[in-house]
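Here is a quick briefing to read with the model open beside you.

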2 protein chains.
Amino acid sequence: MTTEPTTTARDYIDGHRQDLLDDLDSWLRIPGISAQPDHHDDVRRSAEWFVDAARRTGFPTAHILDDGPWLPAVYAEWRSDDADAPTVLVYGHHDVQPVDPLELWHTDPFDPTLDGDVLRARGASDDKGQLLFHLLGVQAHLAATGRTSPAVHLKLLIEGEEESGSPHFQELLDAHRDLLACDVVVVTDTGIVAPDVPSTVTGMRGMVAATVTLHGPDLDLHSGVFGGAVPNPATAVARLVAALHDDDGSVQVPGFYDDVVELTDDERALFGKVPHDDGEFLKVAQSRAVHGEKGFSTLERIGARPTAEVNGIGGGYQGAGHKTIIPSDAFVKISFRLVANQDPQKIVQGVDRFVSEHTPEGIVADVAWEGAGVQACLVPLGTPAYTALTEAIGAAFDGAEVLPTREGGSGPEAALQQATGVPLVFLGFMLPDDQIHAPNEKVSVPLLYKGAEAAARLWSGFAEVGATALRTGA
Amino acid sequence: MTTEPTTTARDYIDGHRQDLLDDLDSWLRIPGISAQPDHHDDVRRSAEWFVDAARRTGFPTAHILDDGPWLPAVYAEWRSDDADAPTVLVYGHHDVQPVDPLELWHTDPFDPTLDGDVLRARGASDDKGQLLFHLLGVQAHLAATGRTSPAVHLKLLIEGEEESGSPHFQELLDAHRDLLACDVVVVTDTGIVAPDVPSTVTGMRGMVAATVTLHGPDLDLHSGVFGGAVPNPATAVARLVAALHDDDGSVQVPGFYDDVVELTDDERALFGKVPHDDGEFLKVAQSRAVHGEKGFSTLERIGARPTAEVNGIGGGYQGAGHKTIIPSDAFVKISFRLVANQDPQKIVQGVDRFVSEHTPEGIVADVAWEGAGVQACLVPLGTPAYTALTEAIGAAFDGAEVLPTREGGSGPEAALQQATGVPLVFLGFMLPDDQIHAPNEKVSVPLLYKGAEAAARLWSGFAEVGATALRTGA
């Protein structure tokens, strides 16, 4: 049902700013730390809080999903009066990171503190603040359109264990595949480049990770008596790692780049518009130099290029001083970040062969992979969903250009994309300095209002595009 | 004083076999484990036992050296009646290795068990058995020469902490430089190739060892967020180690081989005569392939070639599964075995430069050396001392050719050589399968009698050569 709208989304939001702040204050007081079992009751309370908030907002359906091994997730649904409207699934999470070291916090992490435009508390930005802009957003959407139901069938899936690595997310998706069916997924767990530089994530890297163990002598040998005459597995593991990259930082596993979707000139030009300063980057990275694949910028290296990175290496004597042995074993833990369209299983096979070819005679190699790996996800620029998204965000920023960015990390989004089989877009307004996994997490409150406005506009935009165009991307 | 000899050295020894066995049984019951402080009283008892045995043998001087931080060592001296006789310093040690794992011993390690020609006990071969052949040997020497004092001024230095790495040996040498003055040193702590293949050690490798730490980011970084864009110290340490050798196993530190005394063709021919089977070697090394510097045999690689060997490597995540970080630090512990005439300090400087040149931008390297290093020691073939030694050993083996071998390890011998400034020779009859640092140590009793005979003959041989020729090697 639609009546003549009496306000704009922005005006509605401006009139209800305190509602969002009050809700956020109340929700942030629940320490739903999923990584800590003694906080699992709080994770449930946090889920219950959001069920209640969604119902207050008007969602006719809102309940906890806990019919599996996952911590309580929330599912909410508000169907459009228009039966043909597209179905949108919003993904986020209500659990939060641990707070230690507590002594580094300037305020109690679970006693939210408003300081001008900044609200400080654990979860303020990641992800409770972002999720609450959706609740305000849908109300603004209704007010601005004069509707009594959203212009899209709106589904919310709010996970409860993202901060502990989403260990059961695939099971949750498998168990609720029908419930989660949709035409487009909106992920709300990411950020923008700067307060005045609207942007949207257009890719997250995938990953495969392995522990490679090289076995040499069946016992540690005296390096005087045997040194120089038998293969040393620590040397072998070092030579294996060294062989992974050439001097230009290019990964040498044959076929590694075969399926990589290369950046187009247009994309590189857009990436180039994203404000970035290597000096500032190095301060955040607490590093002394940038380093990586030749021919790519830091942002491209992180977002658009696959990597081979050593996460751990070990073998032989680890203590103080010296022990003159040839170690029996050495290992390296390597993770490969993948980009679209790399197939994790092809990379696994290529690395298996690479290890085998770089294992010297007399050394036995074992490669243990961590699970099946995670595929990268990529939001192609220029699809109807992407265009609607950037228009909605741009409008919330008074017409500023919305830049595409890419995340270097890997999250549950790839599993979402595979489970739903539809395009993903990313709507989230965290800031790089929000300290989301560190002490003194904070959120910029004005950006939450902008998020609500972008969401309010996005549902209308998606409705205009229609289900088929959203789903097929054409 | 000399009278007409009434026997040969061998006959004398054959008539006194039980004396050596009785002495050995008594001494081996003292568990003088220098590495274990609760056995340090036993180390003293062991030293006292040898003082008493040396006196019984006829040494006019025999006492404990304990005026420094070292565990009790024994000094004994028996001057020749011939004032111009050469002075010989015999070096050995009376302390023994620990016995754990005790459950792998078939007999009590400190209850010596004679089984045919084999005597089993901790220290039977390393080094108590070897030292007792010197006591029987000097008596045989007197009987066979009709002398009442040895043909050489005989000094014994029996260390008490060789099995814990001779940590105070340099101090002992410095404190007793005058006492230990001599024309030649006879080291008795090594072995021969096989029971029927007499041989003598002609070199021991030196060593320098360092821990190289590479520092990257000031904290562990998320490998998704930063991976591929900053230098990874674990990758850098692997590339450093990989750069140490070329594909032919040759060490790539510039100048590394500059001062190496290369084997002559004659020496290689002699080395070639030493029975060696890589298959048997691999069984002992519990390894699957030989490996090393191209163009050299296994024995040459161990005895005559310097090495760079990784003793330990580490950095980043060491536990089960995976942690996707770029580690802040990584380290490698490297030891370089040296041969004559490599100067440890030149190698240290070369490696320092090599590390610096192989440290990528953004990584900070720290190289911590273990002490000042140990020089290699080399017994040149064909010197008067060497010829007298091989003649004495050869005679004990009924004229068999005595082959030169080299040890890959490093011991206190280099310090002895530097402190005394005179040539070293090696007289010891351990066997490769004597299990000297393992459970079920044993010694071949007939080889101890041959050792006694060789010693008896050696003192006469050295006396014939004379002090100056021994000392100068010409």
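**Briefing: a helix pair, a sheet and a chain contact**

The crossing of H4(A) and H13(A) is right-handed (left-handed would have the near helix turned anticlockwise from the far one by less than a right angle, right-handed clockwise). Keep in mind that this is a predicted model, where local features need pLDDT of at least 70, side-chain atom pairs count only at pLDDT 80 or more, and totals for chains, interfaces and linings use all residues. Residues are numbered from 1 along each chain as its sequence is written, while chains are lettered from A and ligands numbered from 1 in the order in which they are written. Helices (H or I, at least four residues) and strands (E, at least two) are DSSP runs, numbered from the N terminus.

**Helix pair in chain A**

- Helix H4 (residues 128-145) and helix H13 (residues 445-465) of chain A have axes that come within 7 Å and cross at roughly 50°; axes are lines fitted to C-alpha atoms, for helices over the stretch in contact, and angles run from 0 to 180 degrees between N-to-C directions.
- That angle is why H4(A) counts as oblique to H13(A) (under 35 degrees is roughly parallel, over 145 roughly antiparallel, 65 to 115 roughly perpendicular, the rest oblique).
- Residues making the contact (C-beta atoms, placed from the backbone, within 7 Å) include A:Leu132, A:Phe133 and A:His141 of H4(A), and A:Leu448, A:Glu453 and A:Trp459 of H13(A).
- By class, that contact has 11 nonpolar, eight polar and one charged residues; Ala, Val, Leu, Ile, Met, Phe, Trp, Tyr, Cys and Pro count as nonpolar, Asp, Glu, Lys and Arg as charged, and the others, Gly among them, as polar.

**Sheet in chain B**

- Three strands of chain B form an open sheet in the order E15-E8-E16, with mixed pairing; two strands pair if DSSP finds at least two bridges between them.
- E15 (377-378) and E16 are the edge strands, each pairing on one side only.
- E8(B) (residues 199-204) runs parallel to E16(B), joined by four bridges, with B:Ser199 partnering B:Leu403.
- E8(B) and E15(B) pair antiparallel over two bridges, and B:Gly203 partners B:Leu378 there.

**Where the chains meet**

- Each side is spelled out: 66 residues from chain B and 66 residues from chain A take part in the contact.
- On the chain B side, E11(B) gives the most, with nine residues.
- By class, this chain B side has 25 nonpolar, 28 polar and 13 charged residues.
- Strand E11 (residues 307-316) of chain A pairs antiparallel with E11(B) over five bridges, and A:Gly314 stands opposite B:Gly314.

Technical notes
Two residues are in contact if their C-beta atoms, placed from the backbone, lie within 7 Å.
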